[in-house]
Amino acid sequence: MNDTFLRAARGQPTPYTPVWMMRQAGRYQPEYRKIRERYTLPEIVRQPEVTAEVTLLPIRQFGMDAAILFADITTPLYGMGFDLDIVEGRGPVIHNPIESADDVRRIHLFSAEAHTPFVLEAIRILKGELEVPLIGFAGAPFTLASYLVEGGPSRNFVRVKSFMYAEEEAWHLLMKALTDAMIEYLSAQARAGADALQVFDSWVGRLTRYDYERFVAPHMERLFQRLSGLGVPVIHFGTQTMHLLASMAAAGGDVIGVDTTTPLDWARDRLGSRPVQGNLDPTLLFAPDAALERGIEAVLTANAGRPGHIFNLGHGILPGTPPDAVRKTVDWVHEKSEVPA
């Protein structure tokens, strides 16, 4: 196995900076769009062979240093008793959202083997095909709670924050239920063969530091403490989280994901030897080659050759991204970060 990604995730020196990209398998790929003509996203996820095919596409095409399992962060929610759809162009829509403490108490106990066996089978298939590490993943409790309370994506998060402030006891029950489920889900992925795990807290940056530490951090600490015994690196990622960097790092994670709005050198100076992942602006993949190349060089320069850097975007690949720009990014990162023998 090419273990460059795993070595970087453990803070060890590497011959070059490993690179993978969030949403590296998906809508920007013509091959994926052809598959989507036959299947919806949930149908892909529930068919392990198709999941494996989609997961492998960017590895075969672009030479990424890690694969990430193709799935959706809402996948475990079906088994927890939620009725939801993935609506094209909008995202998850929850038909029975959380509105009261009684709704929290009706959440079903989640079992990865019972409710998501297709995810675990896809991991086992991929482990027989891949020559790079496989990353399993899950949504963080706050981000999942945001969807469940809001009923879908939100711009202002009024409902979830209102519930959090007004129903604090029920809020912590909800976060406990989601934390328990994600511990089970991620642990099962590691047992099935995932070489690393990523926890996506995509919306947590909309909280103040005070609210994060009161309403979220205790649950994240328990999540990462329980995952620490699995023997695989765990990445802790959020967006617009510069003000939460210290609090998120204290909550846990072997690698801290850095989004585009957080300067990588600033983050590294504050995190010490903690490995980091990031943080090229995804829109640079639409830019002329010279601008893309400068952006890549700026990220590598900000890291200043320190071990423990995984190159990634500041968030996921955007729809419409030219596949050739993805290829060039991987090649240039490898070339420009290579350590002379």
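Which residues of α8 are buried? In this predicted model, they are P141, F142, T143, L144, A145, S146, Y147, L148, V149 and E150. Buried means under 20% relative accessible area, exposed means over 50%, and partly exposed lies in between, with a 1.4 Å probe and protein chains only. The count for α8 is 10 buried residues of 10, so the helix is mostly covered. Helices (H or I, at least four residues) and strands (E, at least two) are DSSP runs, numbered from the N terminus.

What do the buried residues of α8 pack against? They pack against the strands β3 (91-94), β4 (134-139) and β5, and against the helices α9, α10 and α11. Contact here means heavy atoms within 4.5 Å. Just after α8, G151 takes a positive phi of about 85°.

A word on the ground rules. Residues are numbered from 1 along each chain as its sequence is written, and side-chain values use heavy atoms, with hydrogens and water left out. Because the model is predicted, local features need pLDDT of at least 70 and side-chain atom pairs count only at pLDDT 80 or more, while totals for chains, interfaces and linings use all residues.

Now step back to the whole chain. The protein chain has 15 helices and nine strands. Its radius of gyration is 19 Å, close to the 20 Å that the globule rule gives for 341 residues, so the chain is as compact as a globular protein of that length. That radius is taken over C-alpha atoms, and the rule is 2.2 Å times the number of residues to the power 0.38. Along its principal axes, the C-alpha trace spans about 60 × 45 × 40 Å.

How much of the chain is buried? Buried residues make up 58% of the 341. Contacts also reach along the sequence. Among those between residues at least 6 apart, 72% join residues at least 24 apart. The chain exposes about 13800 Å², and carbon and sulfur atoms supply 50% of that area. Accessible areas come from the Shrake-Rupley method with a 1.4 Å probe; for residues, only the protein chains shown count as cover.

Charge comes next. There are 33 positive and 41 negative side chains, and the centres of the two sets lie 2 Å apart. Lys and Arg count as positive and Asp and Glu as negative; His and the chain ends are not counted. The place of a charge is taken as NZ of Lys, CZ of Arg, CG of Asp or CD of Glu.

Turn to the aromatic rings. The structure holds eight aromatic pairs. Rings of Phe, Tyr and Trp (its six-membered ring) pair if their centres lie within 6.5 Å; planes under 30 degrees apart count as stacked, over 60 as edge-to-face and the rest as tilted. One of the pairs is F110 with Y185, which is edge-to-face: 5.8 Å centre to centre, with 85° between the planes. F110 lies in the loop between α5 (101-105) and α6 (112-115), and Y185 in helix α10 (residues 168-192), so the pair ties together parts that are 75 residues apart in sequence. F110 counts as buried at 7% relative accessibility. Y185 counts as buried at 2%.

A further pair is F157 with W203. Their ring centres are 6.0 Å apart and their planes are at 50°, so the pair is tilted. F157 lies in the loop between α8 (141-150) and α9 (158-166), and W203 in the loop between β5 (196-201) and α11 (209-227), so this pair ties together parts that are 46 residues apart in sequence. F157 and W203 are both buried.

Now look at helix α14 (residues 289-303), where D289 is found. D289 counts as partly exposed, at 37% relative accessibility. Leaving aside neighbours within four places in sequence, D289 is in contact with K328 and W332. D289 and K328 are 39 residues apart in sequence and 8.6 Å apart in space, C-alpha to C-alpha.

Finally, the backbone. Most residues other than glycine have a negative phi, and most peptide bonds are trans. The peptide bond from G278 to N279 is cis, with omega near -5°. N279 is found in the loop between β8 (276-277) and α14. Phi of R23 is near 60°, a positive value in a residue other than glycine. R23 lies in the loop between α1 (4-9) and α2 (30-36), and is partly exposed at 43%. Phi of A304 is also positive, near 60°. A304 is found in the loop between α14 and β9 (309-310), and counts as exposed at 55% relative accessibility.
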